[in-house]
Amino acid sequence: MSAGMSGTATRPAGTITGLVRATRPHQWVKNFLVLAAPFAANRLGEPAVLLHTGLALAAFCLAASAVYLVNDVIDVAADRAHPTKRYRPVAAGVVPPHAACGAAAALFAGAVGVALCSGPPLVVVIAVYCVAQLGYCLAWKHQPVIDLCIVASGFLLRAIAGGIAAGIPLSQWFLLVTAFGSLFMVAGKRYAEIVLYERTGAEIRASLRRYSASYLRFVWATAAAIMILAYALWAFEMRERADYDSGWAMLSIVPFVVGVLRYAVDVDGGGAGEPERIALRDHVLQVIGVCWVASLMLSIHV
């Protein structure tokens, strides 16, 4: 009797824990991209800007987690044949598909509700993000090139959301840096999946079978080159707009380029399967990132 009661009690607890894991909170770090525009505009310290940017951050955390749950339900069969994805809560049977779908619906509603607290512009961005990502989960992820663009657009929309929510005009160079930086990371992630497939024979999505490692290397190398060029032009633009002659904006190009090249080492080695884990584990890259942020802050404040 007690054993049965114990099993009944632990099953819901296990499902809840599994749901939390399935929302992938460790990937919320990418949502901090909404802070980029307010930070670059030197307005992140304003209470109103901080409030609306925080709402954008919370909305994207909820929306992204909902998309992860939907994706896990759709890909459950493929994930079970994958060497690492089979441990995801839905694929492992810890979270029933109907529970994941219910939680996803609640998270989608929560994302829209939080966005409404900021205003209609943020609601539109969140809606576009949700539609694009759901379309990706249902069909577009099986279309070569389209899948890269859809995933990359998610990062771009995060950067746009931060500016729109706070009412900050977005530089064309800033948007280009974000767009091609996103493509760089997404192509690197796909390259890592190809490398894993070649090494282990792990099951991969249909669209990846139409890619080659050399093609993905071409994509992320091209994206990196355009991103670096756009950042350099953005840095020169920031210097020209300043009321003083500060060289910190141009100096920030150095750690930015070094950081891109350092990340490219991980991409080339096939270790870019989860970009957020690289950012958390590569301590040298973290130091480079701190140097870049410091130089960028000095270009704004000094």
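The buried residues (under 20%) of H5 are Ala100, Ala104, Leu107, Phe108, Ala111, Val114, Ala115 and Ser118. They cover an arc of only 135° around the axis, so they lie on the same side of H5. The arc is taken from the directions between helix axis and C-beta atoms.

This is a predicted model: local features need pLDDT of at least 70, side-chain atom pairs count only at pLDDT 80 or more, and totals for chains, interfaces and linings use all residues. Residues are numbered from 1 along each chain as its sequence is written, and side-chain values use heavy atoms, without hydrogens and water.

## Packing of H5 and H6

Helix H5 spans residues 97-118 and helix H6 residues 120-138. Helices here are DSSP runs (H or I, at least four residues), numbered from the N terminus. The two axes come within 8 Å and cross at roughly 155°. H5 and H6 are therefore roughly antiparallel (over 145 degrees).

H5 contributes Phe108, Ala111, Val112, Ala115, Leu116 and Ser118 to the contact (heavy atoms within 4.5 Å). H6 contributes Leu122, Val123, Ile126, Cys130 and Leu134. By class, the contact has 10 nonpolar, one polar and no charged residues. Just after H5, Gly119 takes a positive phi of about 145°.

## Asp72 in H3

Asp72 is found in helix H3, residues 47-74. Asp72 is buried, with a relative accessible area of 1%. Not counting residues up to four places away in sequence, Asp72 touches Ala22, Arg24, Asp79, Arg88 and Val90.

Methods. Axes are lines fitted to C-alpha atoms, for helices over the stretch in contact, and angles run from 0 to 180 degrees between N-to-C directions. Helices (H or I, at least four residues) and strands (E, at least two) are DSSP runs, numbered from the N terminus. Angles under 35 degrees count as roughly parallel, over 145 as roughly antiparallel, 65 to 115 as roughly perpendicular and the rest as oblique. Ala, Val, Leu, Ile, Met, Phe, Trp, Tyr, Cys and Pro count as nonpolar, Asp, Glu, Lys and Arg as charged, and the others, Gly among them, as polar. Buried means under 20% relative accessible area, exposed over 50%, partly exposed in between (1.4 Å probe, protein chains only).
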